[in-house]
Amino acid sequence: MASVRHTVALVTVVFAVLGLLAAPAAAAAGGPPPPAAAAATTAHPDAAGSPLLLAQSGDEAVQGTLRDAEGEPVEGVVITVTTAGGEVIGEAESDAEGNWSLPMPGPGEYVATLDQGTLPDGAALRDPERDSLAFELRTGQQRTVLFPIGEGGTVGTFLDSVLAQTLSGLRFGLIIAITALGLSLIFGTTGLVNFAHGELVTLGAVMAWFFNAPAPRGVGLTLILAGLIATVLSAGAGGAIELGLWRPLRRRRTGLIQMLVISIGIALILRNLIQIWFGASSRPFFDYTIQQPWTLGPLRLTPRDAAVMLLATLTLVGVATMLQRTRIGKAMRAVADNRDLAESSGIDVQRVILVVWVIGGGLAGFGGILYGLSENVSYLMGFRLLLLMFAGVILGGLGTAYGAMLGSIVVGLVTELSTLFFSTELKFVWALVVLILILLVRPQGLLGRRERIG
Amino acid sequence: MDLYELFRAGLNSAVGPTAIVYALAAIGLNIHFGYTGLLNFGQVGFMLVGAYGLGISVSIYGAPFWLGIVIGLLAALVLALLLGLPTLRLRADYLAICTIAAAEILRFVFRSRPATNFTGGPFGIPSQVGGSGFSGTWNALNPFPSGTYRFGPLAFTHTRLWVVIVGWALVLLMVLTTWALMRSPWGRVIRSIREDEDAARALGKNVFVYKMQSLVLGGMVGGLAGILLALNQASMAPDQFLPQITFFGYTVLILGGAATIWGPVLGSVLFWFLLASIERGLLDSGVMQSGAVGPVRLALVGGALVLLMVFRPQGILGDKREMMLDA
């Protein structure tokens, strides 16, 4: 299986890069130099046996970390939390690490107010108008509320925020692109719109979380090793679904629309089994959670996000090279182009489809780990991403691998840049609006070939 | 575990308002998917605009109740037109992706802070907003004196009995409408589009217009389901309109039998009977706490959907030849 060897080699290279980046990242976070020990020191503040992390519903809390412009913790600042109606829930004071937290009575809408009089000299809110932040708490959620602190009066220019949002849009787009690639390859070779693809993303992230979590809850490996295992297992899951379900169904000549509905059923099963096991709350990984960002002019980028972007780019380049250069990559493109012609020219179509599922599953799982690293891990993350993947894939041209990459990056950029003008709550809406607009104007997508799709 | 209690829980659910709402939603899906072959995965979006059309016009703008109902149905009609225009000329899977995306767009927008003045944000529109609210006239129309009504194992409060009676009457009306439509020339064209779109086009039928009419019709039945849902709860909130409602609707439809007149109704009754008794059984036997039932129930529905689609895509009443769909 030359193709599988290629994939493994690719994944190994990718994780070697993550390893290289991890060392400076850990050092920047203030941990001692050996990377092995760094995992323990940079772990999430709640990881030390606190019941907060394993919370179910009824354990709602709000928390945050106050750091000044140099990244130093700010101590002794008082934060008051009230209900949306103005009823005081309680007060919290930031400790020597700048952390504050307050248990909350239940889900609902609240307002956190920072008492600016308690800020030490030389520190002020970056935007003094924003001393009150309204937030919504879901059942079982430990919500993080951040008050950006600067030296006072250093409100960024509009251009700075454009650059910052472009960077985070690019990061998000790259993550969507990795996961959407598999979706697009699967559609290209089998014609199946796989609604369960989001769950493969969640599966990768949740497995990585399990291998990464300390002993009673998980295995306690470093995130790099955990991610490597989870990616391989996700690839295996993709292959297993193909062998156990889709191949027999194709043999029974099940219609494509029937298969689409079946994939929705699979998605419901997987998502809810994951929820039963993982719980409804969203949790971070245990490594690289608190990092000092690098400052590049107006841009601030944590080493973690830099690693995410670099790994995502390398993966995309790797897959593109495989599609262009290797035998199996060419076979995949041939099957996607014209299945009957490919079969009659001696390509083993069933084997190609299996490889596509293995690669698609691995890419989805790996994308899920990167997504979990830049946001949090939750049972719904894959489904949220699925609609954006669809948007990216259709924008680029359904079934084309390069279109999926391009479309996804555009979707990521649209999502993040929209927050400059519109409410953050609506950022996913704009990506979906783009999806519907492109269908009106250019239904074959940006890179799709003009053909009858009606 | 008392088997009679399981039966009673199941029966109450099977004739109750939830089963009615899903029967209506599935009748709409039946027109789309069963008869026309349209993959509408955003039926919940039609339900949302139906419910909010009523709620916003009556509770926020003080419109009369009956005008609110009309506005709710018109909102579903407009949504169908907006969705149909870009996608109905394309392959079936484009419609599937666009409809599910549109339903989520609507939910995000309706629960967002900028829309709070119109939609009530994440908390939606409770009954007391705007005086007696959107359900005031509905409750005033209720002819049953307050109290609990028992029919053998069934028990209803007077408000629930009112919803159930009107609801089943509406279901019956929609079933009759589908029956009449599908034996008309229009119904034959619709089915021929499902079987072979190109053949229908070759016979000079404007396939796009027929598909659009089908999308509008089924969508308005979905809007009606949303209105009934809101009236039953006397409130509405955006997060009640999650994508899985549509997936439940598909399970209901496929269980009963797509492209059959009584399939959606039989499917809904059977689905809610089974779901409620299984849930009751799991709770009573102490296998799990009430918090864990939600995901277990969803996973069970997913499993049922897969098994049905693999082994009996025509459902209980259907004809397998009518389910040989391809994208």
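**Entry 1: a helix in chain B**

I began with H3(B): 17 of its 18 residues are buried, so the rest of the structure largely encloses this helix. For me, buried means 20 or more other C-beta atoms within 10 Å of a residue's own, exposed means 12 or fewer, and partly exposed is in between, with C-beta atoms placed from the backbone. Helices (H or I, at least four residues) and strands (E, at least two) are DSSP runs, numbered from the N terminus.

Before going on, I noted that this is a predicted model, where local features need pLDDT of at least 70 and side-chain atom pairs count only at pLDDT 80 or more, while totals for chains, interfaces and linings use all residues. Residues are numbered from 1 along each chain as its sequence is written, and chains are lettered from A and ligands numbered from 1 in the order in which they are written.

I then checked the length of H3(B), residues 43-60. Its end C-alpha atoms are 25 Å apart, which agrees with the 26 Å that its 18 residues should span at 1.5 Å a residue. The expected span is 1.5 Å times one less than the number of residues. Just after H3(B), I found B:Gly62 with a positive phi of about 70 degrees.

Next I looked at H8(B), residues 158-182. Its 25 residues reach 36 Å from first C-alpha to last, close to the expected 36 Å. Which of its residues are buried? I noted B:Val163, B:Gly167, B:Val171, B:Met174 and B:Thr178. Their cover includes helices H2 (17-36), H11 (207-233) and H13 (263-284) of chain B.

H9(B), residues 185-195, packs on H11(B) at an angle of about 110 degrees, with the axes 10 Å apart. Axes are lines fitted to C-alpha atoms, for helices over the stretch in contact, and angles run from 0 to 180 degrees between N-to-C directions. The two are therefore roughly perpendicular; that word covers 65 to 115 degrees, with under 35 roughly parallel, over 145 roughly antiparallel and the rest oblique. From H9(B), the contact takes B:Val189, B:Ile190 and B:Ile193, and from H11(B) it takes B:Val207, B:Tyr210, B:Lys211 and B:Ser214. Contact means C-beta atoms, placed from the backbone, within 7 Å.

**Entry 2: sheets of chain A**

Chain A has 13 helices and 11 strands. Of its 454 residues, 48% count as buried.

I found an open sheet of four strands in the order E3-E2-E5-E7 (chain A), with antiparallel pairing. E3 (88-93) and E7 (132-137) are at the edges with a single partner strand each, so one side of each lacks a neighbour in the sheet. Strands pair if DSSP finds at least two bridges between them. E5(A), residues 108-114, pairs with E7(A) over six bridges, and A:Val111 has A:Ala134 as its bridge partner.

Another open sheet has three strands, ordered E4-E1-E8 (chain A), and its pairing is mixed. Its edge strands are E4 (99-103) and E8 (142-144), and the twist averages 20 degrees from one strand to the next. E1(A), residues 61-65, and E8(A) pair in the parallel sense over three bridges.

**Entry 3: where the chains meet**

The contact takes 38 residues from chain A and 43 from chain B. On the chain A side, H6(A) gives the most, with 15 residues.

Key: Contact = placed C-beta atoms within 7 Å.
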